[in-house]
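Please keep the sequence and the model in view while going through the points.

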Amino acid sequence: MGFRLAQTMAYTIDEINRNSNMLPNVTLGYSVYDNCLQTGIGVGAALSLVSGKQEQVTLGKNCSGTHPFLGIVGESSSTRTVAIAMVLGLYRVPMVSYYATCSFLSDRQKFPSFFRTIPSDAFQVRTMIQILKHFGWTWVGLLLSDDEYGIHATRSFHSELRLNSGGCVAYTEILPWGDDTTELRRIVDVMKKSTARVVIVFAYETHLIDLMKEVVRQNVTGLHWMASEAWTSGTSLQTPDFMPYLAGTLGITVRRGEIPGLRDFLIQIRPDIHHNNTHGQSVVNQFWEHTFQCRFAPPPAGWVEAGGELCTGQEVIEIVETGFLDVSNLRAEYNVYKAVYALAYALDDMLKCQPGRGPFSNNTCAHLQRLEPWQLLYYLEKVNFTTSSGDRVSFDEKGNILPVYDIMNWVWLPDERIKVQKVGEVQRSAFNGAEVTLDEDKIFWNFHSEQPPRSVCSESCPPGTRVVKTRRRSECCFDCVPCSDGEISNTTNSMECISCPEDFWSSPQRDHCVPKKTEFLSYHEPLGICLTTISLLGTFICVIVLGIFIHHRNTPIVRANNSELSFQLLLSLKFCFLCSLLFIGRPRPWTCQLRHAAFGISFVLCVSCILVKTMVVLAVFRASKPGGESSLKWFGAVQQRGTVLVLTSVQAAICTVWLASASPMPHKNTQYHSDKIVYECAVGSTVGFTVLLGYIGLLAVLSFLLAFLARNLPDSFNEAKLITFSMLIFCAVWVAFIPAYISSPGKYADAVEVFAILASSSGLLVALFGPKCYIIILRPERNTKKAIMGRGTD
């Protein structure tokens with residue numbers, strides 16, 4: 001891999017040198033250093049370049065010696081890059097990495113001369129979070145390598161996850177260096193016990209091999225893996241042993257590119273052409289020996305005797321099965337290609353500087369012979385070009401390239417072949433986020449359902465419930481609590497329930513508000529029908545009784561009972577029965593105003609007639625005694641009518657003042673039932689209502705007292721007794737009405753008042769007119785003057 005990257009750089013420089021339109025009269029050269037995966041060696045090589053102590057080079061007859069040092073292409077490891085870039089930053093020496101993704105390197109204060117042609121881990125992390133959101137994965141496990149790459153990528157992941165509120169991390173485990181069996185076993189146990197079905201790994205493939213061996217040993221299935229770009233293309237993990245567990249992996253990798261002519265260049269590599277034995281055996285020789293399993297002379301001792309072959313240098317590399325010549329999937333190589341071109345374009349722009357118009361002090365330009373690295377750094381920051389594949393290359397203020405990723409999927413074919421295919425791509429959106437495009441139909445899922453797994457700590461709370469955090473540490477673990485009565489939630493995972501408007505109530509599912517049920521004493525319900533029937537029946541009986549009295553108006557019993565007052569009393573009782581109908585049905589402004597006025601005036605008219613009748617009875621019996629004739633002159637027909645009219649007019653005045661000052665109006669009462677609206681008539685003025693009832697009560701008590709005093713008057717048909725009994729019923733009904741009315745909620749208060757009206761009216765009708773109708777209809781022989789005077793029958 002490293003050898004092909006070096007050859008890609010060599011090819012790119014050769015291509016630039018052959019381009020007559022770029023860097024005319026300038027030939028680029030290069031030195032390749034092998035860091036042997038050691039940070040110290042890499043830093044030492046960088047220091048030797050910075051100090052000018054690099055090796056003497058010879059390129060043709062007229063090009064030899066130490067040449068200006070422009071910059072470094074590399075490193076691949078984030079850990080080693082941090083160390084090298086920190087040193088180079090002190091001298092403002094440009095460094096363009098093709099594979100170091102650590103977001104920490106974007107710190108311009110610490111790494112002022114660092115650039116890269118691979119996207120930062122910060123963008124990779126945002127991409128992963130977008131994928132998690134796409135599939136609804138809110139509960140994931142996180143594994144990382146114990147180095148700069150893993151630590152900073154994980155830190156960025158936690159930070160972005162909190163900002164986006166896209167999910168939670170069930171566990172975070174650091175993969176050990178080497179085969180630490182105890183630690184690996186502990187990590188796998190954590191993965192098994194966790195409910196997280198998705199595992200994200202920020203590590204290199206070398207860190208994963210030992211972990212996967214432990215996963216295979218414990219047979220941990222049912223997990224879906226997400227790979228960072230560091231191991232998405234890791235062929236060492238794509239084995240028949242690991243694929244039952246890793247199949248279906250979704251990985252992020254850098255954009256694949258094309259480098260025309262690279263394969264032809266690689267085919268031409270031969271030891272005899274590229275031989276450079278300054279430090280012993282050349283890198284090309286090592287590659288050749290590894291590829292053809294041979295040795296150059298002199299071979300190691302015993303090599304030939306053991307059957308080993310000697311390398312001739314003429315072997316045909318095209319017939320060997322190796323990925324060296326496969327240029328169909330150029331990713332890291334494409335980044336190297338862009339890195340070299342970025343330095344070349346910066347140098348080209350610098351050399352095109354016109355004297356007197358330069359960007360440096362006194363408008364000066366840089367000169368190739370006196371080039372300072374910081375001068376090239378100025379132009380590198382402004383590089384902007386397009387590759388032959390159509391990709392634009394430019395760096396932002398942090399030295400990062402325009403981020404573009406491919407999303408790869410590990411497919412395990414039925415014949416157990418392994419295919420890594422592209423299933424989507426990611427680009428930076430207009431809002432500096434990750435815009436993910438996925439072709440879900442192409443994704444291979446390593447599950448029996450062939451569907452994406454569910455990876456959540458708690459299932460989503462449906463509409464009608466709200467999220468309640470549990471005592472567990474993660475905010476993704478919660479309980480779903482139904483909304484209270486009168487509250488709703490119409491979204492999934494709602495944090496709060498919202499109250500319905502005043503005239504609305506929550507539906508049974510608590511997911512929307514519905515109009516509250518309205519309650520009032522209706523004509524259509526059994527109670528309303530029953531009371532209406534009684535009211536109409538009482539009115540009908542009053543009409544019948546009135547008809548009987550009119551028909552028998554000349555009979556002694558009718559004449560003796562003051563027929564005019566009896567007719568007025570029957571008429572008022574009819575009004576009493578009918579006024580109860582105003583209390584039934586939906587309250588309206590006119591019914592609210594009329595019901596109590598009609599009720600008050602009707603009953604005062606009724607009780608006034610009874611009071612006058614009682615007073616007349618007393619006057620008649622007093623007139624029958626010697627010297628009592630004068631008492632009758634105060635109770636003539638005119639006086640009776642006048643008394644009734646005056647007493648009724650007082651009540652009419654009370655009602656008028658009440659309606660004018662604080663008129664009763666319909667009122668929506670929600671105090672009785674929170675889920676219902678009780679339509680009732682607000683009395684408006686409690687004082688007015690009290691005075692109205694008090695006036696009726698005063699007349700009733702006065703009538704009762706007068707009748708009670710006259711109850712023992714000598715006569716076989718004592719009208720005073722009937723009045724006493726009727727008023728006793730009347731007062732008892734209304735005394736019982738007050739506490740019942742106050743304690744009855746809603747429509748039942750109206751029902752109690754209607755019942756009191758009907759009961760008192762019926763009591764008066766039966767007590768006062770029942771005995772008389774009985775005599776008129778059933779005992780006509782008693783309907784004589786003698787019988788009424790107590791002298792027997794005719």
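This is a predicted model: local features need pLDDT of at least 70, side-chain atom pairs count only at pLDDT 80 or more; totals for chains, interfaces and linings use all residues.

1. Strand β10 (residues 250-254) is largely enclosed by the rest of the structure, because five of its five residues are buried. Buried means under 20% relative accessible area, exposed means over 50%, and partly exposed lies in between (1.4 Å probe, protein chains only). Helices (H or I, at least four residues) and strands (E, at least two) are DSSP runs, numbered from the N terminus. L250, I252 and V254 point one way from β10, while G251 and T253 point the other way.

2. Residues are numbered from 1 along each chain as its sequence is written, and side-chain values use heavy atoms, with hydrogens and water left out.

3. Which strands pair with β10? Strand β9 (residues 224-227) is joined to β10 by two bridges and runs parallel to it, with A227 opposite G251. Strand β15 (residues 404-412) is joined to β10 by five bridges and runs antiparallel; there, Y405 is the bridge partner of V254. Two strands count as paired if DSSP finds at least two bridges between them. Strands of a sheet pair through backbone hydrogen bonds, either parallel or antiparallel.

4. A further sheet deserves attention. Three strands form an open sheet of mixed pairing, in the order β24-β26-β25. Its edge strands, β24 (517-519) and β25 (665-669), each pair on one side only. Neighbouring strands of this sheet are turned by 30° against each other on average, direction ignored; the axes used for such angles are lines fitted to C-alpha atoms, for helices over the stretch in contact, and angles run from 0 to 180 degrees between N-to-C directions. β24 and β26 (residues 676-682) pair in the parallel sense over three bridges, and E519 stands opposite V678 in β26.

5. Is helix α13 (residues 373-380) mostly covered or mostly open? Six of its eight residues are buried, so the helix is mostly covered. The buried residues are P373, Q375, L376, L377, Y379 and L380. Among the elements that cover them are β4 (95-97), β5 (114-116) and α12, where contact means heavy atoms within 4.5 Å.

6. The aromatic residues form 32 pairs. Rings of Phe, Tyr and Trp (its six-membered ring) pair if their centres lie within 6.5 Å; planes under 30 degrees apart count as stacked, over 60 as edge-to-face and the rest as tilted. The rings of Y341 and Y345 have centres 6.0 Å apart and planes at 35°, so this pair is tilted. These two residues are four apart in helix α12 (residues 332-351), which means that about one helical turn separates them. Y341 is buried at 9% relative accessible area, whereas Y345 is partly exposed at 26%. Ring pairs link Y334, Y337, Y341, Y345 and F385 into a cluster.

7. Two arginines lie over ring faces. R108 is 4.8 Å from the ring centre of F115, and R586 is 4.6 Å from the ring centre of Y679. A charge sits over a ring if NZ of Lys or CZ of Arg is within 6 Å of the ring centre and within 35 degrees of the ring normal.

8. A cis peptide bond, with omega about 0°, joins G74 and E75, and E75 lies in the loop between β3 (72-73) and α3 (78-90). R92, which is not a glycine, has a positive phi of about 55°; R92 is found in the loop between α3 and β4. N362, also not a glycine, has a positive phi of about 60° and is exposed at 74% relative accessibility.

9. Finally, the overall form. The protein holds 22 helices and 26 strands. Its radius of gyration is 53 Å, whereas a compact globule of 794 residues would have one near 28 Å; the radius is taken over C-alpha atoms, and the globule rule is 2.2 Å times the number of residues to the power 0.38. The C-alpha trace spans about 170 × 70 × 40 Å along its principal axes. Buried residues make up 50% of the 794 residues.
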